[in-house]
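Keep the structure open beside you as you read.

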Amino acid sequence: MIKSLTGGRELLLPEQLHIDRSSAVCFAGHREKSIHPYNNLYQNRDITFFALKLLLARYIDIAINSGYTSFISGFAEGVDLWAASHIIKRKNEGADISLIGAIPYLHHADRFGKKYSEALKHAEFYADAVVLINPNPDITYSTLPQGINQSKTLYRDRNYFMVDNSSALIAFMNENIKWSGTLQTLNYAKKNKLKLCCFGLKEVYSLMEQGNFEPAEMIEIVKHI
């Protein structure tokens with residue numbers, strides 16, 4: 001038995017996960033550093049994240065209302081854990097849905113800051129299952145592997161696992177980034193003909209402009225998107 005290094009959660013191996021792919025949704029999205037604030041002004045950073053979270057929550061709610069019941073998150077910093085947080089919220093409100101975490105390797109969160117370490121611990125605790133894609137407890141990520149315990153495909157393998165077990169993808173894509181794991185996941189989802197719900201900074205900034213940067217106003221606006 002392998003347990004999470006973050007919260008001690010028992011981890012499943014990929015072959016132990018059994019879900020109905022036709023009712024499963026996975027996520028792709030960037031970490032905070034790749035989400036540019038409105039007008040590239042640092043003081044707009046938090047409100048930009050807030051607007052993105054509102055849109056993400058709205059698309060998750062649409063998926064739930066459309067009959068999707070399983071949601072697979074990569075449990076990475078940024079969009080993945082934001083999505084997990086909203087799914088937990090909906091579960092606590094009584095929605096008959098499940099949250100599945102898919103982590104690429106045991107040490108994937110070693111460099112998480114305190115905020116995201118706590119968010120990951122929370123997500124693991126409330127998840128219905130957490131899957132460890134690479135079971136080697138000593139494996140680490142490296143763009144230039146030099147040993148048997150290094151690999152450059154860990155995140156790709158996680159991304160492909162999520163797509164292979166889903167029929168739909170909700171993705172936030174920064175249109176200005178030429179290559180990323182998010183784009184890799186999106187391209188693989190297209191290749192496998194998943195239903196796609198994609199949004200980017202254009203939609204996030206548009207919501208901010210409609211709400212005049214007031215969170216309460218944006219909450220009301222996003223209800224009608």
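## Starting from a buried ring

Let's begin with phenylalanine 49, which is buried at a relative accessible area of 5%. Here "buried" means under 20% relative accessible area, "exposed" means over 50%, and "partly exposed" is in between, worked out with a 1.4 Å probe on protein chains only. Before going on, note that this is a predicted model, where local features need pLDDT of at least 70, side-chain atom pairs count only at pLDDT 80 or more, and totals for chains, interfaces and linings use all residues. Residues are numbered from 1 along each chain as its sequence is written, and side-chain values use heavy atoms, leaving out hydrogens and water.

## Rings that pair up

How many aromatic pairs does the structure hold? There are 10 of them. To pair, rings of Phe, Tyr and Trp (its six-membered ring) need centres within 6.5 Å; planes under 30 degrees apart count as stacked, over 60 as edge-to-face and the rest as tilted.

Phenylalanine 49 and tryptophan 82 make a tilted pair, because their planes sit at 50 degrees, with ring centres 5.5 Å apart. Phenylalanine 49 belongs to helix H1 (residues 45-65) and tryptophan 82 to helix H2 (residues 79-92), so this pair ties together parts that are 33 residues apart in sequence. The helix and strand labels come from DSSP runs, numbered from the N terminus: helices are H or I with at least four residues, strands are E with at least two. Tryptophan 82 counts as buried too, at 11% relative accessibility.

Now for phenylalanine 172 and phenylalanine 199: their centres are 5.5 Å apart and their planes are at 55 degrees, so this pair is tilted. It links distant parts of the chain, with phenylalanine 172 in strand S9 (residues 168-173) and phenylalanine 199 in strand S10 (residues 195-200), 27 residues apart. Both phenylalanine 172 and phenylalanine 199 are buried. Elsewhere, ring pairs join Tyr38, Tyr205 and Phe213 into a cluster.

Glutamate 32 lies in the loop between S3 and H1. Is glutamate 32 buried or exposed? With a relative accessible area of 13%, glutamate 32 is buried. Not counting residues up to four places away in sequence, glutamate 32 touches Arg45, Phe49, Gly78, Trp82, Lys115 and Tyr116, where contact means heavy atoms within 4.5 Å.

Histidine 86 lies in helix H2 and is buried, at a relative accessible area of 12%. Leaving aside neighbours within four places in sequence, histidine 86 is in contact with Ala57, Ile60 and Asp61.

## Where H4 meets H5

Next, look at helix H4 (residues 154-164) and helix H5 (residues 181-191): their axes come within 10 Å and cross at roughly 35 degrees. The axes are lines fitted to C-alpha atoms, for helices over the stretch in contact, and angles run from 0 to 180 degrees between N-to-C directions. On the H4 side, the contact is made by Arg156, Asn159, Tyr160, Val163 and Asp164, and on the H5 side by Gly181, Gln184, Thr185, Tyr188 and Ala189. An α-helix has 3.6 residues a turn, so residues three or four places apart point the same way.

Which residues of H5 are buried? They are Thr182, Leu183, Gln184, Thr185, Leu186, Tyr188 and Ala189. The cover over these buried residues of H5 includes strand S3 (24-28), H4, S9 and S10.

After H5 comes lysine 193, with a positive phi near 60 degrees. Lysine 193 sits in the loop between H5 and S10 and is exposed, at a relative accessible area of 74%. From C-alpha to C-alpha, lysine 193 and phenylalanine 49 are 29 Å apart in space, and they are 144 residues apart in sequence.

Asparagine 40 is not a glycine, yet its phi is positive, at about 55 degrees. Asparagine 40 lies in the loop between S3 and H1 and counts as exposed, at 62% relative accessibility. Phenylalanine 213, also not a glycine, has a positive phi of about 65 degrees. Phenylalanine 213 is found in the loop between helix H6 (201-211) and helix H7 (215-222) and counts as partly exposed, at 26% relative accessibility.
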